Amino acid sequence: MKFFIDTANLDQIREAMDLGILDGVTTNPSLMAKEGIRGEVNIRKHYVDICNIVDGDVSAEVIATDFEGMIREGQALAALHPQIVVKVPVIKEGIKAIKYLSSQGIKTNCTLVFSAGQALLAAKAGATYVSPFIGRLDDISTDGVELVAQIVDIYRYYDLKTQVLAASIRHTMHIIQCAEVGADVVTCPLNPILGLLKHPLTDIGLEKFLADHNKK
Ligand code: G3P
């Protein structure tokens, strides 16, 4: 399973990269705004800065919601850097845009996915990634991980090549559960990734090893 970090914060991206386990980055307009990155020129420069830190795919989201606008933006984003993946919402125009961009050899990430039907259309259109938002489903008393499992099953059944990128991950158990059901990628903030390391028995054990080593 690949680990992506879901942030536009360069320090957090560097920290995850330093860990040696980072496979890519996802962003969205809210995450860019959170970092105070505004305006087309600054936003595009920030995507290039992210690409220069990481080795893997970097998702950059279109703002347009019409087909022509999405194509225009998608092509411009893809031209910024070979690592850019164009993130497109799963609406009617978005599916058409994914089909077109895929036919041009541009990688896509179909976002805001909340149902297996949406994921099926994204894969049919040739999306590189599909992003089910599991935390936001949990927020409305619906099992987000269950959706990830359902999409994985459908894709495997038909041998669809779109990778299941579990997004809107809020805590470490989401990561473990996504791994259990066969997600190809998880994307989450730095904290849940670091949270995977935490275990009191590790801390107690290490403390004892060091104390024993230092005994006179
Ligand atoms: O990748 C999608 C993600 O950023 C959404 O997360 O926590 O806003 O639901 P969240």
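Predicted model: local features only at pLDDT ≥ 70, side-chain atom pairs only at ≥ 80, totals over all residues.
Figure 1. Asn-9 belongs to the loop between strand 1, made of residues 2-6, and helix 1, made of residues 10-19. With a relative accessible area of 18%, Asn-9 counts as buried, because the cut-off for a buried residue is under 20%. The side chain of Asn-9 makes a polar contact of 3.2 Å with the side chain of Glu-35.

**Figure 2. Thr-187 and its polar contact with Thr-26.** Thr-187 is part of strand 8, which covers residues 185-188, and this residue is buried, with a relative accessible area of 1%. The side chains of Thr-187 and Thr-26 are joined by a polar contact of 2.5 Å.

Figure 3. The residues found around the ligand are Asp-6, Asn-28, Phe-133, Arg-136, Ala-167, Ser-168 and Arg-170. When this shell is divided by residue class, three of its residues are charged, two are polar and two are nonpolar. Side chains from the shell come up to oxygen atoms of the ligand: for Arg-136, an N or O atom of the side chain is 2.7 Å from a ligand oxygen atom, and for Arg-170, an N or O atom of the side chain is 2.9 Å from a ligand oxygen atom. For Ser-168, a polar side-chain atom lies 2.7 Å from an oxygen atom of the ligand. On its own the ligand has 310 Å² of accessible area, and the protein covers 81% of that area. The ligand sits in the largest pocket.

Figure 4. Ser-168 is buried, because its relative accessible area of 10% falls under the 20% limit. The phi angle of Ser-168 is near 55°, which is a positive value in a residue other than glycine. As background, most residues other than glycine have a negative phi.

**Figure 5. Asp-159, a residue with positive phi in a loop.** Asp-159 has a phi near 55°, again a positive value in a residue other than glycine. This residue lies in the loop that runs between helix 8, residues 144-158, and strand 7, residues 163-166. Is Asp-159 buried or exposed? Asp-159 is exposed, because its relative accessible area is 52% and the limit for an exposed residue is over 50%.

**Figure 6. Glu-73 in helix 4.** Glu-73 is found in helix 4, which is formed by residues 67-80. Although Glu-73 counts among the charged residues, it is buried, with a relative accessible area of 17%.

**Figure 7. Tyr-129 and Val-164.** Tyr-129 is found in strand 6, which covers residues 129-132, and at 2% relative accessibility Tyr-129 counts as buried. Tyr-129 and Val-164 are 35 residues apart along the chain, while their C-alpha atoms are separated by 5.9 Å.

**Figure 8. Ala-122 and Ile-98.** Ala-122 lies in helix 6, which is made up of residues 116-125. The relative accessible area of Ala-122 is 0%, so this residue is buried. Ile-98 is 24 residues away from Ala-122 along the chain, and a distance of 7.6 Å separates the C-alpha atoms of the two residues.

Technical notes. Residues numbered from 1 in each chain as written. Heavy atoms only, no water. Near = heavy atom within 4 Å. Polar contact = N/O pair within 3.5 Å; in protein donor to acceptor, adjacent residues only side chain to side chain. Areas by Shrake-Rupley, 256 points an atom, 1.4 Å probe, with all protein chains shown as cover. 1 Å grid on protein atoms, 1.4 Å probe; cavity = no way out; pocket = protein on both sides within 12 Å on 5 of 7 lines; lining within 4 Å. Sits in = over half its atoms within 2 Å of the grid points. Helix = DSSP H or I, 4+ residues; strand = E, 2+ residues; numbered from the N terminus. Buried < 20%, exposed > 50% of the residue type's maximum accessible area, 1.4 Å probe, protein only.
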